[in-house]
Amino acid sequence: MRRFLRLFRVNKEEGIVAAVVLVAFLALNILFICYTFNGIAYVDDKHLGDILKHFVLSGFDPLTYKALTEWSDVYNVYRHPLLGFLVYIPSMVNQWILSITGINFCQFFAAIPLLFSAFYSSVFMYRIQRQLLELKCLDATLLTLLLFSFAYVMVSLIAPDHFAFSMFLLIFALYLSGKCIKEHRPLTILQTVLLFLATAGVTLSNGVKIFIDAFCVNGKKFFRPKYLLLAVIIPAALLWIFCRWEYRVFVWPEEMHRKQLKAQQHEKLKQIAYEQFLDTTQIADSAQRAKAFNQVLVKRAQAKYQRNRKMAYARHTGKPIAKGEFMRWTDITTPRWGTAVHNLFGESLQLHHDYLLEDTLRSRPVIVKYNSWYQYAVELLIVLLFVVGIWCGRKSRFLWMCLLGFAFDVALHLGLGFGINEVYIMTAHWAFVIPIAIGFLLQRCQWQWLRLVMILLVAYLWIYNGILLVGFIIS
């Protein structure tokens, strides 16, 4: 335990960079809380729907605010099996404060893990650059600041969602795995299990990346029966069993209750509609009257279906591969190239002026183009630096480990289409691979003009994305 806690000790060199990041995102969180305080601080558990209805920050959900105000397993338990329990104690404290003061401090409780994630993500990203890639202080600082200049890394660190904490866990796992590679020692069964449970518990799909890391670190030893059974198969099976149990105990009763209320409301509205129908019809025969009323209901249902098809959430959601429990989240119709250019390497890294941080399921089109050529030039520059960095580090097992995790995200989002209509909100799950790859370029090339380009790029992204984000918050 002491050895583990020592990992979180921050030296002076790391502390300076981390402090800059922390101050920047502390300011953004304070600004965000100040400008949204009145709409949330006086909302109690009876008016939680108001938060969900009016909160708009791109595709992020304020489910954490809801859980902190009145605890329930509000997250999708198959995608975030342990996340609800992580907010249980803060939720109890917030509810106690709410009962005494009448003020809902959910925003403050939600900001704590965001600031923790910002601070320690920067610490471990800096360590990756300094200790694993052995870069100079300036280069490590630039690449760390580059990560936090990306648009949806910035947004994730003020959004009441899980993405920022996922980023911290993934960077932390890469650092530990990279240390194992460099020191020629394996990732132990216990380390693998703990990293998997922490990472997959927050976001199930990211648990796969821990197995990727373990494979890259341990090589053939990964497939030894003892390791495969105890570090991979049993933890994955137990987590899945826990997901099923969690659904039966916490989610299914709530779903049944909501369905019952919905059915009762439907019957009530149906009875009102029938009484209105009786006031207007001249049909005397009861059978004919019932038949005519059913035809009215069918027409209303068809009209409602046509209205729903015109809504943004229907128009911007592609056709799934199948309609099963998980395959319904896939998408085979949203264009891949446009998504890659304007969203994956576009909106993820540079915000768009048009439809700024609007929700795709409400008003924002799936594909939004930039207004100026230089924004595409910046995107191309980042991609080129990324690709050249990959080439420079092509012999590094550590880089290939990072790239395999990134490839998993690409396959999940661009291949299967999971979340493809708002793929940029997942930026925090993979964007750290870009500065790591560029680090291999800076490791190989000592050209001063390249450092100048990096300084200008980092400054531009911080200023450009920062101005738009602040403008959105205070508008």
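**Confidence**

The model is predicted. Colour the chain by pLDDT to begin: its mean is 91, and 96% of the residues reach 70 or more. Among the elements of the chain, helix 9 has the highest mean pLDDT, at 98, while helix 15 (residues 312–315) has the lowest, at 65.

**Helix 16**

Select residues 336–347, which form helix 16. A straight helix of twelve residues would span 16 Å at 1.5 Å a residue, yet the end C-alpha atoms of helix 16 are only 14 Å apart. Helix 16 is mostly covered, with ten of its twelve residues buried. The buried residues are Gly338, Thr339, Ala340, Val341, His342, Asn343, Leu344, Phe345, Gly346 and Glu347. To see what they pack against, display helix 9 (151–156), helix 17 (373–392), helix 18 (397–415) and helix 19 (433–444).

**Helix 19**

Next, select helix 19, one of those packing partners. Its twelve residues should span 16 Å at 1.5 Å a residue, and its end C-alpha atoms are 17 Å apart, which agrees. Helix 19 is also mostly covered, since ten of its twelve residues are buried. Among them are Val433, Ile434, Pro435, Phe440 and Leu442.

**The largest cavity**

The structure holds two cavities of 30 Å³ or more. The largest cavity contains about 90 Å³ of space. To find this cavity, select Leu174, Lys209, Asp213, Gly405 and Phe432, the closest to its centre of the 13 residues that line it. Helix 10, helix 12 (207–218) and helix 18 each supply at least two residues of this lining, and helix 18 gives the most, with four. By class, the lining of the largest cavity has nine nonpolar, two polar and two charged residues.

**The second largest cavity**

Move to Asn29, Phe32, Ile33, Tyr65, Gln107, Ala110, Ala111, Leu114 and Ile158, which line the second largest cavity. The volume of this cavity is about 30 Å³. Helix 2 (12–40) and helix 7 (106–132) each supply at least two lining residues; the largest share, four residues, comes from helix 7. The lining of the second largest cavity divides into seven nonpolar residues, two polar and no charged.

**The second largest pocket**

Now turn to the second largest pocket, where about 710 Å³ of space lies. Select Phe4, Leu7, Phe172, Leu176 and Gln191, the closest to its centre of the 22 residues that line the pocket. Helix 1 (2–6), helix 10 (163–182) and helix 11 (189–202) each contribute at least two residues to the lining. Helix 10 gives the most, with seven residues. The lining of the second largest pocket comprises 14 nonpolar, three polar and five charged residues.

**Two loop residues with positive phi**

Most residues other than glycine have a negative phi. His184 is in the loop between helix 10 and helix 11, and its phi is near 55°, a positive value. His184 is exposed, with a relative accessible area of 71%.

The tour ends at Tyr355, in the loop between helix 16 and helix 17. The phi of Tyr355 is likewise positive, near 55°. Tyr355 is partly exposed, with a relative accessible area of 39%.

Key
Residues numbered from 1 in each chain as written. Predicted model: local features only at pLDDT ≥ 70, side-chain atom pairs only at ≥ 80, totals over all residues. Heavy atoms only, no water. Expected span 1.5 Å × (residues − 1). Buried < 20%, exposed > 50% of the residue type's maximum accessible area, 1.4 Å probe, protein only. Contact = heavy atoms within 4.5 Å. 1 Å grid on protein atoms, 1.4 Å probe; cavity = no way out; pocket = protein on both sides within 12 Å on 5 of 7 lines; lining within 4 Å. Points joined across faces, edges and corners; volume = space filled by probe spheres on them. Nonpolar A, V, L, I, M, F, W, Y, C, P; charged D, E, K, R; others polar. pLDDT = per-residue confidence, 0-100.
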